[in-house]
Amino acid sequence: MTSSVRQARTNDVPSIHRLLDYYAARGQLLPRSLDELTEHISSFTVINEADHLTGCAALEVFTEDLGDVRSLAVRDTAAGGGYGLALVEAIDPQSRPLRL
């Protein structure tokens with residue numbers, strides 16, 4: 001199947017929330033509320049396969065020279081498929097103009 005990586009949109013918020021909640025319930029990620037996700041949706045990148053959200057990640061900027069990849073999650077059924085790497089590679093160019 002072909003996957004596509006793109007900037008997240010507001011209509012992705014429910015799917016991102018479900019994915020992050022899955023891992024938060026297992027203690028593997030910090031939970032994020034729907035309101036928080038909506039507020040920060042512009043920092044998220046998503047990967048889709050067959051029109052279904054397969055993974056997400058966000059670039060969080062803390063200071064002028066410090067940032068972090070946050071909320072990196074991939075559906076457990078897609079683990080090992082290179083989706084996490086694809087998300088990080090998509091975020092990396094976003095960090096370069098910021099000198100992070």
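This is a dialogue on how to read several features of a predicted protein model.

Colleague: How many helices and strands does the protein have, and which pattern do they follow along the sequence?

Modeller: Helices (H or I, at least four residues) and strands (E, at least two) are taken as DSSP runs and numbered from the N terminus. Here the protein has three helices and four strands, and reading along the sequence gives the pattern β-α-α-β-β-β-α. The radius of gyration, taken over C-alpha atoms, is set against a globule rule of 2.2 Å times the number of residues to the power 0.38. For this protein the radius of gyration is 13 Å, close to the 13 Å that the rule gives for 100 residues, so the protein is as compact as a globular protein of that length. The C-alpha trace spans about 35 × 30 × 25 Å along its principal axes.

Colleague: What share of the residues is buried, and what share of the contacts joins residues 24 or more positions apart?

Modeller: A residue is called buried under 20% relative accessible area, exposed over 50%, and partly exposed in between (1.4 Å probe, protein chains only). Of the 100 residues in the protein, 36% are buried. A contact means heavy atoms within 4.5 Å, and among contacts with a separation of 6 or more, 59% are between residues 24 or more positions apart.

Colleague: How many salt bridges are there, and what counts as one?

Modeller: Side chains of opposite charge can pair when their charged atoms come close. The rule asks for a side-chain nitrogen of Lys or Arg within 4 Å of a carboxyl oxygen of Asp or Glu, and by this rule the count comes to four salt bridges. One of them joins the side chains of R6 and D12 at 2.8 Å, N to O, and both R6 and D12 are buried.

Colleague: Which residues are linked in a network of salt bridges?

Modeller: The network links R32, E36, E60 and R70. Within it, E36 forms a salt bridge with R70, and the closest N and O atoms are 3.5 Å apart. Because E36 lies in helix α2 (residues 34-39) and R70 in strand β4, this pair ties together parts that are 34 residues apart in sequence. E60 also forms a salt bridge with R70, with the closest N and O atoms 3.0 Å apart. As E60 lies in strand β3 (residues 52-63) and R70 in strand β4, that pair ties together parts that are ten residues apart in sequence. E36 is partly exposed, with a relative accessible area of 23%, and R70 is partly exposed as well, with 24%.

Colleague: Where are A50 and D51 found, and what is phi for each?

Modeller: A50 is found in the loop between β2 (44-49) and β3, and D51 has its place in the loop between β2 and β3. Phi of A50 is near 55°, a positive value in a residue other than glycine, and phi of D51 is near 60°, again a positive value in a residue other than glycine. A50 is partly exposed, with a relative accessible area of 42%, whereas D51, at 77% relative accessibility, counts as exposed.

Technical notes:
Residues numbered from 1 in each chain as written. Predicted model: local features only at pLDDT ≥ 70, side-chain atom pairs only at ≥ 80, totals over all residues. Heavy atoms only, no water.
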